[in-house]
Amino acid sequence: FAAQRHVLTYMEDAVSQLLENREDVSQYGIARFFTEYFNSVRQGTHILFREFSFVQATPHNRASFLRTFWRCFRTVGKNGGKYSSICCYLLTAQEYHCLLQLLCPDFPMELTQKAARIVLMDDAMDCLMSFSDFLFAFQIQFYYSEFLESVAAIYQDLLAGKNPNTVIVPTSSSGQHRQRQPPNDCNPLEGVEASLFYQCLESLCDRSKYSCPPSALVKEMLSSAQRMTFYGFLMALAKDQGINRALGALPDKGDLFLDPAMDQELEKLVAQVSGLSVSGPASSSADTANMPVRNSPRINSPWKPLHHRRKMDAESEGSNEETDSSEN
């Protein structure tokens, strides 16, 4: 159970965070630190602003990152759906990558490009994509990254007439993504026999230690075609709502722009901001006295990502140096 849930990964990260932020933790206590840390893991907020090596370390981390990306930027797609004729709501791969980096500063551009290639089916990385198209393609590419690397190798072997059983499942760190050579899908007559392709994928899923799509859904998908190209297979994965539900990170495409919990939080925030602007300079002292006292609900977190602390320290040192020079 501990290995399946990657408990050791989270324990090591928690201890590392504890040691790195021990001065702050001493103000709150170790018990509270571990409570808040594992609550954040359960809620899926633990991946915010963390390094990519941690974001992709476990399936739960990947699903949490996908869910957070959707919740943070779904309004991009919502506006694009309402005003589809306005191209500014359709973004390029580079622009989607900038959004990803807002959540994970060192997120690799290579993964973004691979996700965009699933949508665009070519190397035109400057083409515009809708939020929903990119999101579901990105989900497949990011969550099943190691699986897709092996699928690409199997596909190339089948095209070359080689025995796909010689394909080696990736065993290196999943953070080290190898450059994948896009198979040539330009000729509609190209592709591989779907039934043989599925047999190889079924064998891959049986021996792979990484996350794979449910083989029953993959079989159902490939059974409807006689031949299948590589990017045709990736697009089918991205569009399959059964695979999306099995992964469990994103809602169905029809509910993609609905998030009642987030909308409710936003409404509360807007109400709070509106309440703060009720009293102006012309308000009488009596009215001000009758207004309820608003206590800030913010509680400083006992731990912060490492790179944030370094950034804050660097800014603080730069500010001190500027002050000293101005005084001289």
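**Overall architecture and selected local features**

Of the contacts in the protein with a separation of 6 or more, 72% come from residues 24 or more positions apart. Contact here means heavy atoms within 4.5 Å. The model is predicted, so local features need pLDDT of at least 70 and side-chain atom pairs count only at pLDDT 80 or more, while totals for chains, interfaces and linings use all residues. Residues are numbered from 1 along each chain as its sequence is written, and side-chain values use heavy atoms, with hydrogens and water left out.

The protein contains 16 helices and 2 strands. These elements are DSSP runs numbered from the N terminus (helices: H or I, at least four residues; strands: E, at least two). Of the 328 residues, 39% are buried. Buried means under 20% relative accessible area, exposed means over 50%, and partly exposed lies in between (1.4 Å probe, protein chains only).

Two packed helices are described by the angle between their axes and the distance between the axes. Helix H9 (residues 145–159) packs with helix H12 (residues 230–239) at an angle of about 150°, and their axes are 10 Å apart. Axes are lines fitted to C-alpha atoms, for helices over the stretch in contact, and angles run from 0 to 180 degrees between N-to-C directions. H9 is therefore roughly antiparallel to H12 (an angle over 145 degrees). On the H9 side, Phe147, Leu148, Val151, Ala152 and Tyr155 make the contact. On the H12 side, Phe230, Phe233, Leu234 and Leu237 take part. These residues divide into 9 nonpolar, no polar and no charged. Ala, Val, Leu, Ile, Met, Phe, Trp, Tyr, Cys and Pro count as nonpolar, Asp, Glu, Lys and Arg as charged, and the others, Gly among them, as polar.

Phe49 is found between helix H3 (30–43) and helix H4 (52–55). Most residues other than glycine have a negative phi. Phe49 is not a glycine, yet has a positive phi of about 60°. Phe49 is partly exposed, at 32% relative accessible area.

Ser208 lies in the loop between helix H10 (194–207) and helix H11 (215–222). Ser208 is buried, with a relative accessible area of 14%. The Ser208 side chain reaches the backbone nitrogen of Tyr210 at 3.1 Å.

Leu258 occupies the loop between helix H13 (241–247) and helix H14 (260–276). Leu258 is exposed, at 53% relative accessible area. Leaving aside neighbours within four places in sequence, Leu258 is in contact with Trp70 and Arg74. Leu258 and Arg71 are 187 residues apart in sequence but 9.3 Å apart in space, C-alpha to C-alpha.

Notes:
A polar contact is a pair of N or O atoms within 3.5 Å; within protein, one must be able to donate a hydrogen and the other to accept it, and residues adjacent in sequence count only if both atoms are side-chain atoms. Angles under 35 degrees count as roughly parallel, over 145 as roughly antiparallel, 65 to 115 as roughly perpendicular and the rest as oblique.
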